[in-house]
Amino acid sequence: MPERTLRAAPRSWAKSLLLTLPILLWSLLMFSRAMMQPGRAPKLAAAVTLLFMVALFFQMVRTFQTYRWRRYFFVAVGFLFPIGFIWDLIALRGSMSIPVERMLSGDTPFCFMVIPMMIVPAALFGTIVFPGSILATASNPHAIAAMVALWMCATLLLGKAWCSYGCFFGGIEEGFAAVAKKPRIKKLDPRLRWMPWAVLAAVVLLSAALLEPVYCTWLCPFKTVTEYMQVRSFETAFQAAIFVVLFLGLVVVLPLLTKKRTQCSFLCPFGAFQSLFNKTSAFDVRIDRARCRPCVLCEKACPTLSIGAESLESGQPRLSCMKCGACVDACVRGAAVWHIRGTEVGPSAERARLMHLYSAWGFAVLFGGSIIANTLEKLFGLLV
Amino acid sequence: MKRWRAILGNTGAVATLAVLLAAPFFLYGWFQNGVAALHLRIDPQYSGGEVARVIQRDGYQVVVRKPVPRRSPLQRVDPFVQMTWTPAARLPAQVSDEIDLDGDGRPDLLVSFDTAHLKLDVTPRTPGYRPVHTAGVVSFSELIARVNDGIVVRVPLR
Amino acid sequence: MPAGGLATEALLLGISSGPVCLASCSPVLLPVLAAERKSVSGTGALLAQFLGGRLAGYLGFACLAWLLGLSLNLEPRARILVYGLCDAGLAALLSAYAFGLRAAPEKSCEHGCPASRARRFSDRYHTFAPVSLGFVSGLTLCPPFVAAGVRAAETSSLPLALLFFAFFFVGTSVWFLPSVSLAVVQRFAAVAVVARFTLFLLAAWYGYAAVIILGRYFLHA
């Protein structure tokens, strides 16, 4: 397999198709059930999603580039997930707000963001501090056991790459970050990248003390595009204001101005939590110091401030690296490379990239692909 | 040593692919069953607590749950006791029941509400409970609400 | 009941209540232990200071209640006032402590400007921060503390009541011992930055809680 050095010529069509074949077969398997559903909308949605995912993978293989094509998928998930979710909420209860009645009946859909906050109370008191259901019910398919199981599978497969292939919120800010050609704000205080860890520590400690999911009740900006507690009091109004300000600031405005994923870099405690699993993943990104100049193109390209001066010295991005591939694609000297842990840095970089892509993209088809298809089915249902 | 590390690394990479193949068919189900087998329960401030007793009435029943105490000084939900009148469809228009919460034969609360507007009046008969006069949700520990096929009442403890 | 039996009862009550005490004290204790980046023995010393302050809070409150003839099972309004004041105290103390944390000592201004005075206060406070934070944590009437207090009030004398509390405290403190393992993070310089940010976030939370609780107390007076 030819190794990529400087900007290599695209791979041949025949080889690219051959390498894409496993993903095509996997996608056919994952979407087969949807294709067999009655009605044109589910079939059309499944077909469009399948073609979309396979085409993106083909391009990733052919062009030796990862970031740009992955971003199309990720932004699609980020924008289509809230559309589908809100659609279901309006159909079910006519509103995005969660009435207390729904919380009392255990019908609140479980979100993966709760996972770090529920561990300590579960260990100390044997209770889950979330108004959901442990097992799926007719009125709540997004049960706790199912989401935790999904997260465990994703963590085994991806580690922190969940933030590049799994998270159904990150694509929103990644989309806004891609809008401007150049950043208006170029310098960001590097100490701010430690905030997600502080938020994680604070919400984990407070959730155990208060016996409630503190991040969800106080800090989650994505309440703005999913569901939130009914505004009945000063406190719930204050909470809603915090959600809106954080969403507009960290998910819309700052990504537009900085071209960085600022919510992920400066707030998200789940991202910090997933960073702990970066060391358990078989794949990572390394910087071959023999080839590195350093021109710091990788540092500028990284959307999450995961490359700094010390990374170039040590040959390793920071623990917050999401394995999005931006640095690898930006590096003109082939110094930033994909890598299998334990092996030598540099040789077999392309093999490492492909192996990582098969597992990451396989998960993306399974999870993100189903989100895309789900929403497209609703949209196509209006047309066909 | 270098060679062994490379072998382990490559094995891990291949294992990741195996995990992907196994995930939707085996792992997901196993993990789900594993979580369910931990015998965790939803926190009682949301679930209402364990069922203490069921009081039969004419055509309906009142499910009385154990009081949910304050477990932490920082907890924002005040202690309460929850009762559920079910099935809601068979309740009279105006419900007025004396409820013995602790099973000592003496009524602890007089609970009255109308099923149409959910206007609630709770008069304590024994100390330890706070009176309630509300229609709807005041807080997690003081409310009347239609939940599934029942009407849930939460009365705060003193 | 003989003193030995009372002590055993108190110890077992403390051990069974430990998770609640650990959960409610951890937001105050753990960031402080992490921020100091000390060795195992140093972290243990800090923990001992915090627990000592907490014991002083427990015993002081119990003595006061005994002398005033009050029940520890306070009326709801009195409990609200205690919670609110403790939260306000913790917000102030955590803020002062976090403000004093920094990577390297700065030169203080010689002209005695407010920023310099604040900096000197934070530096002086730093030394006895763990004790004061433990003391205020001990004053919060957590349910196990109230249960222990009610039981202690049934004893025949103040010394026996204090003995009960002391053994109850030892029982709860067993759960705090694993927090010494936070010393493993001392080698990461970033831990101090993270701990400082965490302390500010927690101080903001306690401050908000104090405003809401005390607001509720005075508005419903």
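Q: Where do the domain bounds used here come from?
A: This is a predicted model. Its domain bounds come from an automatic or database domain assignment. For chain A that assignment gives domain 1 (7-94 + 349-384), domain 2 (96-280) and domain 3 (282-347). The source of the bounds, again, is an automatic or database domain assignment.

Q: What distance separates the centres of domain 1 of chain A and domain 3 of chain A?
A: Domain 1 of chain A is written in two segments, 7-94 and 349-384, and domain 3 covers 282-347. The centres are taken over C-alpha atoms. Their separation is 27 Å.

Q: Which element gives the most to the side of domain 1 of chain A that touches domain 3 of chain A?
A: In this contact, 11 residues of domain 1 of chain A meet 12 residues of domain 3 of chain A. On the domain 1 side, α3 (67-93) and α17 (349-366) of chain A are the elements that give two or more residues. The top contribution is 5 residues, and it comes from α17(A).

Q: How many charged residues are on the side of domain 1 of chain A that touches domain 3 of chain A?
A: That side consists of 11 residues of domain 1. By class, 4 are nonpolar and 3 are polar. The charged residues number 4.

Q: Where does α11(A) bend?
A: Helix α11 spans residues 234-258 of chain A, 25 residues in total. From first C-alpha to last it reaches 34 Å, close to the 36 Å expected at 1.5 Å a residue. The helix does bend, by about 30°, and the residue is G249(A).

Q: Which residues of α11(A) are buried?
A: The cover over the buried residues of α11(A) includes α8 (170-177), α10 (214-218), β3 (228-229) and α12 (262-266) of chain A. The cut-off for burial is 20 or more other C-beta atoms within 10 Å. The buried residues of α11(A) are Q239(A), F247(A), L250(A), V251(A), L254(A), P255(A) and T258(A).

Q: Which residue follows α11(A)?
A: Helix α11(A) covers residues 234-258. The residue after the helix has a positive phi, near 60°. That residue is K259(A).

Q: Why does C167(A) count as buried?
A: C167(A) is found in the loop between α7 (162-165) and α8 of chain A. Burial needs 20 or more other C-beta atoms within 10 Å. C167(A) counts as buried because its C-beta neighbours inside 10 Å number 27.

Q: How many nonpolar residues are on the side of chain A that touches chain C?
A: The contact takes 14 residues from chain A and 15 residues from chain C. On the chain A side, α5 (115-125) and α9 (195-210) give two or more residues, and α9(A) holds the largest share, 10 residues. By class, this side has no polar and 1 charged residues, while its nonpolar residues number 13.

Q: Which element gives the most to the side of chain B that touches chain A?
A: Here 38 residues of chain B are in contact with 40 residues of chain A. The elements of chain B that give two or more residues are α1 (2-36), β1 (41-42), α2 (44-47) and β10 (142-147). By class, the chain B side has 22 nonpolar, 10 polar and 6 charged residues. The most, 19 residues, comes from α1(B).

Q: What distance separates the centres of domain 1 of chain B and domain 2 of chain B?
A: The assignment for chain B gives domain 1 (1-40) and domain 2 (46-156). The centres are taken over C-alpha atoms. They are separated by 47 Å.

Q: What share of the residues of chain C count as buried?
A: Chain C has 7 helices and 0 strands. Of its contacts between residues at least 6 apart in sequence, 88% join residues at least 24 apart. Of the 221 residues of chain C, the buried share is 42%.

Q: Over which residues of chain A does pLDDT stay under 50?
A: Chain A averages a pLDDT of 92, with 98% of the residues scoring at least 70. For the stretch under 50, the model has 10 contacts beyond four places in sequence. That stretch is residues 1-5.

Q: In which strand of chain B is confidence highest?
A: The mean pLDDT of chain B is 92, and 100% of its residues reach 70 or more. Confidence is lowest in strand β9 (residues 137-139), at a mean of 89. At 97, the highest is in strand β4 (residues 80-86) of chain B.

Conventions: Residues are numbered from 1 along each chain as its sequence is written. Chains are lettered from A and ligands numbered from 1 in the order in which they are written. This is a predicted model: local features need pLDDT of at least 70, side-chain atom pairs count only at pLDDT 80 or more; totals for chains, interfaces and linings use all residues. Two residues are in contact if their C-beta atoms, placed from the backbone, lie within 7 Å. Helices (H or I, at least four residues) and strands (E, at least two) are DSSP runs, numbered from the N terminus. Ala, Val, Leu, Ile, Met, Phe, Trp, Tyr, Cys and Pro count as nonpolar, Asp, Glu, Lys and Arg as charged, and the others, Gly among them, as polar. The expected span of a helix is 1.5 Å times one less than its number of residues. The bend at a residue is the angle between axes fitted to the seven residues ending there and the seven starting there. A residue is buried if 20 or more other C-beta atoms lie within 10 Å of its own, exposed if 12 or fewer, and partly exposed in between; C-beta atoms are placed from the backbone. pLDDT is the predictor's confidence in each residue, from 0 to 100.
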